[in-house]
Amino acid sequence: MLLLGIESSCDETALCLLEMKDDSWRIVSEAISSQTEVHVEYGGVVPELAAREHLAHLPLLYEEVAAPHEEEIDALAVTVGPGLKGCLLTGALYAQGLSKGLDIPVYGVNHIEGHLLAPLLENPSLSFPYLALVVSGGHTEIHLVEGVGEYTLFSRTIDDAAGEAFDKSAHLLGFPYPGGPQLAALADSYTGEAGEPLPTVMKGKPGFSFSGLKTAIALRIQAAGEVSGEERQKLAAVIQDGIVQSLIAKLEKAMEATGCRTLTVTGGVAANRSLRERVAELSSDHFFPDMKHCMDNAAMIAFCAAKRLQVGQTLTQDLGVHPRWPVETSVGKKI
Ligand code: KG4
Ligand code: ZN
């Protein structure tokens, strides 16, 4: 079966052609177009601009990824939530048009479910069950993944995402959006003694909260005043440690609660070196997808649909979009 995956839930437009044969799969072709430069001057993603960028890029990516194989495509899989409404609508309507034009079915996929299954894409030795930390600019959650369509929510942020905490802190340190990777690089360059740690947030509770941590970070940056050199590096290291520690603390809790020691991490923050090291310390049984499949991508969307079809699960064919769509409510049934 040849599936075309389409992803446009936030600020990445992506298409992927994935071939599924029995128990094996192969990425035939994929491409991602990122919009960071469009949003940089606004300090964050502007939903209207993002939707327009998707509209401009979807046909270009289609020409590159799908057009050469147009006759062989069996089905389409498109992200219908969660995400920015206008962005989801652009992708869903584009997919609907293709479905009519090519006379093939189109399935709606939950973006988070794509992230949850992405670690399987290039880790053949990974098997269920595993704990999946999804951590990006828009999402921060931990699920126990026991099979395709079998997800138990352990932890979710009650306010901001960890990537947002990285980006907002980086902004306060003077880095342009999205400054998370630059803050991380500055933190990693610090070799001195550890600074005073940030307060622990949501102690004893499974959920994440980054709003309070962001305030603590803002106060710390304010108190430090104009810092440069080693002091600035130290401040970045304290911020990074605070954010990473809050992720690690909940992963540890999830491991205790579930008894599961297999860990996976996806989402843009999975690029963070400190997070990777701390996850590796928690368990030797850990998996990270290739970076291009950690970030928003269409391979995980096509793969998710292919896996669900393979095990005989339903997928929605109603392409109404769901800006808020907890993955645990989307599973195993027709929406
Ligand atoms: O999954 P992703 O590419 O897309 C969205 O969430 O839209 O994640 C992007 C997020 C941004 O917040 C970015 O600052 C963060 O991932 N990020 C990092 C690092 N690389 C990317 N945060 C911390 N350390 C990094 N090395
Ligand atoms: Zn995502």
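His111 is buried, at a relative accessible area of 1%. The structure is a predicted model, and His111 is one of the residues that coordinate its zinc ion (ligand 2).

**Zinc site (ligand 2)**

- The zinc ion (ligand 2) is coordinated at 2.1 Å by NE2 of His111, NE2 of His115 and OD of Asp296.
- Along the sequence, the spacing of these donor residues is H-x3-H-x180-D.
- His111 and His115 both belong to helix H4 (residues 111–121), and because they are 4 residues apart there, about one helical turn separates them.
- His115 is also buried, with a relative accessible area of 1%; the value counts as buried because the cut-off is under 20%.

**Shell around ligand 1**

- Ligand 1 is surrounded by 19 residues, and the closest are Gly137, Gly163, Asp167, Gly268 and Asn272.
- Divided by class, this shell holds 8 polar, 7 nonpolar and 4 charged residues.
- At least two shell residues come from each of helix H5 (162–172) and helix H6 (180–188).

- An oxygen atom of ligand 1 lies 2.7 Å from a backbone N or O atom of Gly137.
- A polar backbone atom of Gly163 is 3.2 Å from an oxygen atom of ligand 1.
- For Asn272, a polar side-chain atom lies 2.9 Å from a nitrogen atom of ligand 1.
- Ligand 1 taken alone exposes 550 Å², of which the protein buries 86%.

Key
Residues numbered from 1 in each chain as written. Chains lettered and ligands numbered in written order. Predicted model: local features only at pLDDT ≥ 70, side-chain atom pairs only at ≥ 80, totals over all residues. Heavy atoms only, no water. Near = heavy atom within 4 Å. Polar contact = N/O pair within 3.5 Å; in protein donor to acceptor, adjacent residues only side chain to side chain. Areas by Shrake-Rupley, 256 points an atom, 1.4 Å probe, with all protein chains shown as cover. Nonpolar A, V, L, I, M, F, W, Y, C, P; charged D, E, K, R; others polar. Donors = N, O, S within 2.8 Å, 3.2 Å for Na, K, Ca; no water. Buried < 20%, exposed > 50% of the residue type's maximum accessible area, 1.4 Å probe, protein only.
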